[in-house]
Amino acid sequence: MAVELDVFVGNTTLIDEDVYQLWLDGYSAGDAVAIRIKRGILEQTGASPDVLESDTMDHYRTFQMLERLLHSPPKLINQLLFQTPPSMQSMLIEKYYTFDEPFVREVLGKKLSKGTKKDLDDVSAKTGITLKSCRRQFDNFKRVFKVVEEMKGPLVENIQQNFLLSDQLAGDYAAVVFFANNRFETGKRKLQYLTFEDFALCAEQLIQNWTLGAVDSNVDDMDVDLDREFLQDLKDLKVLITDKDLLDQHKSLVCTALRGKVSIFNEMETNFKNLSRALINIAAKLIHTKDVRDLFIDLVEKYIEPCKSDHWTSSDVGAFLTQYTNAARALDAFKHQALWERYMCTVKSCILKMYHD
Amino acid sequence: MGEDADRGGVSSVGVAACIQRPGSYSFLFCGPWRLVQPCRQSTGPRATMPGKLKARIVAGRHLPVMDRASDLTDAFVEVKFGNTTFKTDVYHKSLNPQWNSEWFKFEVDDEDLQDEPLQITVLDHDTYSANDAIGKVYIDIDPLLSNEAAASLSGWFPIYDTIHGIRGEINVMVKVDLFNDLNRFRQSSCGVKFFCTTSIPKCYKAVTIHGFVEELVVNEDPEYQWIDRIRTPRASNEARQRLISLMSGELQRKIGLKVLEMGGNAVVGYLQCFDLEGESGLVVRAIGTACTLDKLSNAATSFLPPCSSPSKDLKEVPFSEDPNPVTHSSGPSTPLKNQTYSFSPSKSYSRQSSSSDTDLSLTPKTGMGSGSGGKDGGPLKALYRQQTQSAFEHREFPFFTLTTFPPGFLVHVGGVVSARSVKLLDRIHNPDEPETRDAWWAEIRQEIKSHGKALGCHAVVGYSESTSICEEVCILSASGTAAVLNPKMLQDCSMEGCSEHRLSRQPSFFSTGSEKGEFDFFLQCQDSASLLGLDDASSLGCSFCHIPYDELNMPFPAHLTYCYVCRKQKVPDVLFTTIEPPLEAAITGKGCLIQARLCRQKKKTQGEANATAISNLLPFMEYELHTQLMNKLKLRGMNALFGLRIQIAVGENMLMGLASATGLYVTALPAPGGIQVAGKTPSDSSYDQHIANIQKKINDLIVKNREIYEINPPEILDELLGSPIPETRQRSRLFRSHSESSDDVPELDLSHGKKDAFVLEIDDTDAVEDIQSLLTDASTPSGFYSCNTEVMPGINNWTSDLQMFTSVRVFRLNNVTSLTSQGLNKTFSDVCENLLKTLYFKLRSMVPCCLCHVNFNVALPEDELIQVAVTAVALTFDKDQTPYIKVGTDKTLSRASAENEEQLQFTLELCMESQATQSTALFSPAKAADISESGHLQAVSPAIQTDRCSSWIEFIKQKAQTIRRGSIKTIASLDKASPLAEAHARHRSPISCATSTVTVVEMTPLSFIPGAKIIKYLGIINMFFIRETTSLREEGGVSGFLHAFIAEVFAMVRAHVAALGGNAVVSYIMKQCVFMENPNKNQAQCLINVSGDAVNFVKESDVEYASTQAQGSGLQAGNGSGDIVA
């Protein structure tokens, strides 16, 4: 006797979150059955393997039918085919769009192109995430990117409206989109210690402060591109290192303020000019797209690593950057206060987030 | 017959209103329809334009991409009704078109309204080639024809294509304006309400239960017409869908006419089925129970002086909420015109001659006319005798499709009666004269009737009919429960029904079903019982068990004891019925689903030989099924079966039998004895040991089952109990017959001849296997109960959590011929058991829960295939039950009284309100449409408020609101503001904020929704779909294909209900699921037929709220009819 056909359809669509996760993780129905058995479901319920198989198949079919709708979440909540409670709908969407940390670290900042997609088997091999799951996550990135790329208005809100994600997840997607659009380098060995969360916060800062939307939300441009004019202007900050007087003045102001307050005062004093030069050189170079891409590697190489080798603590870094930023205000000859603030506040937040082991 | 001229007249109207269509297109889509035109014949004089149907196409969404180049679609919509077609503009380059069309108006007669569906076709405009069809929506207009229901519907409907499934959605609004002209001779039966529910629907009371109505129509199946060879599968499927839609519309209309002639206004327990006879045609047949129903809010009418004139002006009584004034126009003056119908040569009437002689007296013998005369006053008697009698003559078959009755209605239950007949199908040469099919059914019904009579019963309740077809062989089956009904009630009823004076006789009505009504009938049932001299047995809940037949002249050998409750009357030791356990029945413990399963091989033969082979097998199958049922019942320590349904499926080389029922321990019946195993007479010690082991197993199982089902009957005097292994014989209430066995052939002895039924003799291998299978039937896992009745007696605290589901499985048997009959049985049994196990596993999160109304359907679609389909609902209940009460009677009574208390209050409130409303209603008639709309919104929203609140879909809600508000604006127009109407407006505003685009629609096979009150019935849902694929693998194989299709069917049912303003379907049933595959060609096809009653319910937690609403809607319905009359 062989089962030719076996379906179960509920008026309210029956969804098992565990099976959904297995499906999202890219396991085949057969693997999912094996995993469920390993988890001891047969003992818990007294069911037989064929019952479990039938149940798993039903769920997999349902998920396959749902997938088309999940590609456009507003469709999912307005469709008539599957009657599901709103809480279940949001769970389905949220989990479908949730991505894995190891995966996103591999893809973050890369162009979301066919080429990258072809390399996903490498990513899969490296991360241990199934290729199927990698593809889903990659396609999600690409889908969100394509939808919001040309949209006006705040990036996070656009994502939320079009994909009905939670604040947190929408923010993460904003970071992914922003990084993909600006092609920030995140994969170098020196950046490996950074988590996606670090980058997400940096992205948030950059979006808030360095894009066109940051200046004027009504402007006909988007959150995804950096403000070219601002980047252009950044070279004006060079005066802080090229003008010897300004540099000395700046240094003495910072040293006065920090004397006795930080443990690494001496190291700071000796290194001040190097650090200041590093930060301002990064700013000045940002007009070149290539250097924008290297922003994070530059921050690590030029600023974070020297500090680390001198054993600065995180609070030392915070105190220094705060004083370094504030002191420039007292420099009468320095005329680019607004520009300075816009640049330094963001860089400070990024560095502080990135300054860990 | 003047038809042509008539049709010409109609079509000229059509042409005038029709917008010209491109020729190529009209060939494509109209071609097939023309073929089915013959079935739209009509006769007799007709109203020229009694109604106006208006439709508006608002918008579409989620349309498929039809133009690959642009990834967009240029969609437009065709709206077709009858021969008239309108088109919207083309909305270019959008997947979410906003047509916002004008109102398309169709001027039609009401007959068409009943028969025809509104057909909406969405197309993609193509400048150079033929326009591509995206899909269709068929909307059944019938629910809009009842005065009390919604006069409009609006909502999102899935756009359905028989090849691609659902392709986007379309927002449609439909309105019907009926101009009632009641004096005209009627071909239509607009306004007769249809209910699938097999009890008196909630919020109605039965004034009269008139009796059995049946009808069938026949046509050629478009799939088998010559044209099918040249048309596309899509065209063929659509032709079929439309034909069946037309045929069921016609069938319903004809049944409606019969109901009107009987003086009724509703059909309850309406069951419509299709027989796909292949080459020989397509039969649509229906049975039901004609009733006169009153809306419960009518209770107020009793406070008013009775309507003085017995004439037909009842509708002018402004406070009358009789939804169906037309009822009264169909009095004796209406000629019986059925003879002129094209398809049904009016069976019941033409047969009157034969049936009105001696045999008719199966209807209550107490005398119809004469008995009632005394009570009702002389002059009236003379006036209405004629009608009364004709009402009884309709009871050629005193059958009732109801399974639940008003207390006091069902006096005694005799047992199950069933009849089967094997027929050879031949081509139906003239669809206009389906006499053969009629005659076949008449034959079977006669047999059922005589079986009932043999059991000393004058009526058959819980009656149903079914067929199983394989190639040219067809098994027709009918079954029911022989019963004695309260003659007084029956007779009063019919008298009442014919009498226009029923208002004055209000106090003696029985009402039922509704919570509000329960109070009434509870008193009444005692009252009527005492009138009948039935002492107080009915209140003890045992009277229905008392034997109706003569003790000294029993129709079969039976062992009678005195009733274990009243100790006065005789009862049998087991009772089989097809009905629900009566509400007042005393039940001990809980019950469970019991199934008997059987497979029988037969030779592959043709024609007569085949039919004979099947006929010869049938009695043995019935016998074995019966034995299995009996053994399994004993094994569970129970003594009665309810809801028994025996299905026999016929295949090429197999017959399958599946009997399902709910086993219960009825307190009034004696405790069942055990099962004794007996071995071969010459035996050795090891064999004896083996026997003893089996015996021990059986005994242990019985003890265990009694624990599981909490069967602890009250202590009974020893002399009544008898010995532990009773010498009682098995008594069968099961009657069967088939056409080959004429009446004078002695009945097959189902009482197991001389053998002691409770002794299983292990004298051959078969018996060993039988016992093995008996013992291996898996018990339900803990936390689960299951039954095939509506609910499980003994569980009262249901929560509102419910999950309706359908599960379908197809198994392939390898080498059927090599299997032994036992092996086959075991395979089939395993199939069913496994299916149940899967259900328990899937629904484990709902524990504690009960699978209710578990309905199995078996079929043998192909040589080695077995198809099993199950539809059921899982209901959860609170674990913390009130301490278990041992005797069911107490429970029932306490439940009833508790309900009475709260309902009494409710009733009083209602009466006061409705009195108040009457005055306002008279002065401020608001438009019916407005009212139903607002009522609907209010009713739906509480559910929505709780079910759908999610912050992140706020913006979509907003959009939805604007759409909804728009729709209200167009419909709603208060003529005058009454205080009540203002109250409504106040209620409405906060609620509409909570609406979302998708209404949650519950579906359940039960007639009620736990934890909720049904406040309105919105019409019958009867839908038929075909789905076909030529890319089976790509759609996920057979399972993927059917999974999607069933989900689509559910979605379409929900959408229609939501558009009617409902939020649930009750008495939902999947009547047919015919699946065919051809994996080699990568093809599959499936036909599904579902039905149910669309309703509007409110959760009991919002009952305060609901009570104001119920009044509101009651008032509004009244206003509505007043408005139309004016």
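Which residues does A:Phe320 touch, not counting residues up to four places away in sequence? In this predicted model, A:Phe320 touches A:Val254, A:Leu258, A:Met268, A:Phe272, A:Leu275, A:Tyr303 and A:Trp312.

## The nonpolar cores

A:Phe320 belongs to the largest nonpolar core, which has 205 residues. Together with A:Tyr303, A:Tyr343, B:Leu118 and B:Ile170, A:Phe320 is among the residues that touch the most other members of this core. Helix α22 of chain B, residues 1037-1059, gives the most to the core, with 15 residues.

## A helix pair in chain A

Now look at two helices of chain A: α4, residues 49-70, and α6, residues 86-97. The two pack at an angle of about 80 degrees, and their axes are 11 Å apart. With that angle, α4(A) is roughly perpendicular to α6(A).

Where do these helices meet? From α4(A) come A:Leu66, A:Glu67 and A:Leu70, and from α6(A) come A:Leu92, A:Ile93, A:Tyr96 and A:Tyr97. By type, the residues of the contact of α4(A) with α6(A) are 6 nonpolar and 1 charged, with no polar residue.

## A three-stranded sheet in chain B

Turning to chain B, you can find an open sheet of 3 strands in the order β13-β15-β14, with antiparallel pairing. The edge strands are β13 (410-424) and β14 (459-470) of chain B, each of which pairs on one side only. From one strand to the next, the twist averages 10 degrees.

To follow the pairing in detail, start with β13(B) and β15 (residues 473-485) of chain B, which run antiparallel and are joined by 13 bridges. Here B:Ser418 stands opposite B:Ser479 in β15(B). Helices accompany these strands too. Helix α9 of chain B, residues 435-454, lies across β13, β14 and β15 of chain B and runs at about 145 degrees to β13(B). Helix α13 of chain B, residues 607-635, also packs on the sheet, where it touches β13 and β15 of chain B. The direction of α13 makes about 155 degrees with that of β13(B).

## A four-stranded sheet in chain B

Another open sheet of chain B has 4 strands, ordered β28-β30-β31-β29, and its pairing is mixed. At its edges are β28 (1002-1003) and β29 (1012-1029) of chain B, each pairing on one side only. The parallel part includes β28(B) and β30 (residues 1064-1078) of chain B, which pair over 2 bridges. Look there for B:Glu1002, whose bridge partner in β30(B) is B:Ala1064.

Helix α4 of chain B, residues 233-262, packs on this sheet and touches β29 and β31 (1083-1099) of chain B. Its direction makes about 145 degrees with that of β29(B). Helix α22(B) packs on the sheet as well, touching β28, β29, β30 and β31 of chain B.

## Chain B as a whole

Stepping back, chain B has 23 helices and 31 strands. Of its 1126 residues, 64% are buried. Among contacts in chain B between residues at least 6 apart in sequence, 81% link residues at least 24 apart.

Definitions and conventions: Residues numbered from 1 in each chain as written. Chains lettered and ligands numbered in written order. Predicted model: local features only at pLDDT ≥ 70, side-chain atom pairs only at ≥ 80, totals over all residues. Heavy atoms only, no water. Core = buried A, V, L, I, M, F, W, Y, C linked by side-chain atoms within 4.5 Å. Buried < 20%, exposed > 50% of the residue type's maximum accessible area, 1.4 Å probe, protein only. Contact = heavy atoms within 4.5 Å. Axes fitted to C-alpha atoms, helices over the stretch in contact; angles between N-to-C directions. Parallel < 35°, antiparallel > 145°, perpendicular 65-115°, else oblique. Nonpolar A, V, L, I, M, F, W, Y, C, P; charged D, E, K, R; others polar. Pairing = 2+ DSSP bridges.
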